[in-house]
Amino acid sequence: MVDIEVRSAGAPDAAGGAAGYRPRATLSIATEWRRQASRRRTQLSLGFMVLLPLIILVAFEFGGDGDDDNGGGEFGSLIELATSGGLNFTLFSLLVSSSFLLVVVVALFCGDTVASEASWGSLRYLLAVPVPRARLLAVKLVVALAYSLLALLLLAGTALLAGTLRYGWSPLSSTVAAQIPAGEGLLRLLGILGYLAAVLLVVAGLAFLLSVTTDAALGAVGGAVLLWILSSILDQISALGVVRDFLPTHYSSAWLGLLSTPVQTDDIVKGCISAICYATVFWSIAFWRFTRKDVTS
């Protein structure tokens, strides 16, 4: 007698899941990329990254003669050199964006990604597909980081193109070294971009952690930005002594070492290690928290 096994399409397989169900086939990176690309905040954020260097260029063209000291401080001379070539214009654009604008953009991409789904009530439906929780978080994190990197590259690329077309291709100038040849200057500029991307991982990690702990996207984004600003303020208080070395913003300006001759890399290495450690801790807590929380929205 031959035993015939009959299993319905929805019956569980030997592994305990429904027949034909493949967790890796749910919510692909390409799908999430398209979903985020269709959102207005993504389009506006990336569009502003392209628009900002053009606004700065127009401001230089129609602004005053620059008789003041450009606000003084350690960056004053860099501002004066902004119109001396495309590389210097790009450096200036990164300078005015790195302390706040890029922080907000990264916090927006990483803090809004999960919290917005919860606020819309669509998060529970994604999990009911079902998309494994760890996979959902991993895909959303990868896409958020990719858009954050794209925003940084768009800002620098637009500034380099616009600045070169207007001011020409000239050596990179700085206040801490002699002129750096254009080819080497481009490499150092890429190094600055890489370091900024590493430092902003702290913002990405913090915003992502807040995104999985709240249903309010604005709270996640604003919370990450406010904590970054708070860290920057505390870093200015010398009375804190060695405590400042452990603040996530302590090495945020270490990229200036790439403008010196020879290149100063000590603080850059410390900054990268600090940022990676902070980001890893924040992301680990986010995954631990989300895989154990009750999703009701």
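Helices (H or I, at least four residues) and strands (E, at least two) are taken here as DSSP runs, numbered from the N terminus. Under this definition the chain has ten helices and zero strands, and its order along the sequence reads α-α-α-α-α-α-α-α-α-α. The model is a predicted one, in which local features need pLDDT of at least 70 and side-chain atom pairs count only at pLDDT 80 or more, whereas totals for chains, interfaces and linings use all residues. Residues are numbered from 1 along each chain as its sequence is written, and side-chain values use heavy atoms, with hydrogens and water left out.

An unreviewed UniProt entry carries the annotation "transmembrane region" for residues 44-63, 91-115, 136-165, 185-209, 216-234 and 268-288; the positions follow the numbering used here, feature names are shortened, and such annotations may be inferred rather than shown by experiment. Two of these spans can be set against the computed secondary structure. Residues 185-209 are 100% helix and 0% strand, with end C-alpha atoms 36 Å apart, while residues 91-115 are 92% helix and 0% strand, with end C-alpha atoms 34 Å apart.

Burial is described by relative accessible area, with buried meaning under 20%, exposed over 50% and partly exposed in between (1.4 Å probe, protein chains only). On this scale, buried residues account for 43% of the 297 residues in the chain. A nonpolar core is a set of buried Ala, Val, Leu, Ile, Met, Phe, Trp, Tyr and Cys residues joined through side-chain atoms within 4.5 Å. The largest such core holds 71 residues, of which L94, I192 and W255 touch the most other members. Two or more residues of this core come from each of α2 (40-62), α4 (86-98), α5, α7, α8, α9 (217-235) and α10, and the largest share, 16 residues, is given by α8.

Grid points are joined across faces, edges and corners, and a volume is the space filled by probe spheres set on the points. Two cavities of 30 Å³ or more were counted by this rule. The largest has a volume of about 50 Å³, and its lining consists of Y195, V199, V202, P248, H250, Y251, S252, G271, S274 and A275. Helices α8 (182-213) and α10 (266-290) each supply at least two residues of that lining. For the class counts, Ala, Val, Leu, Ile, Met, Phe, Trp, Tyr, Cys and Pro are nonpolar, Asp, Glu, Lys and Arg are charged, and the others, Gly among them, are polar. The lining of the largest cavity accordingly comprises six nonpolar, four polar and no charged residues.

The second largest cavity, with a volume of about 40 Å³, is lined by E32, Q36, R41, F109, T113, K140, V143, A144 and Y147. At least two lining residues come from each of α1 (29-37), α5 (101-120) and α7 (133-167), with α7 providing the largest share, four residues. Here the lining includes three charged residues, together with four nonpolar and two polar ones.

V202, one of the residues lining the largest cavity, lies in helix α8 and counts as buried because its relative accessibility is 3%; V202 and V281 are 79 residues apart in sequence and 9.6 Å apart in space, C-alpha to C-alpha. In helix α7, L149 is partly exposed at a relative accessible area of 42%, and its C-alpha atom is separated by 7.0 Å from that of A197, 48 residues apart along the chain. G219, placed in helix α9, is likewise partly exposed at 41% relative accessibility, and lies 9.1 Å from D112, C-alpha to C-alpha, at a sequence separation of 107 residues. L81 belongs to the loop between α3 (76-80) and α4; L81 is partly exposed, with a relative accessible area of 25%, and its C-alpha atom is 9.2 Å from that of L172, 91 residues apart in sequence.

The cysteines were also considered. With a disulfide taken as a pair of cysteine sulfur atoms within 2.5 Å, the structure holds zero disulfides. C110 is buried, with a relative accessible area of 0%, whereas C277 is partly exposed, with a relative accessible area of 43%.

Terms used: On a 1 Å grid over the protein atoms alone, a cavity is a set of points where a 1.4 Å probe fits but cannot get out, and a pocket is an open set with protein on both sides within 12 Å along at least five of seven lines; lining residues have an atom within 4 Å of a point.
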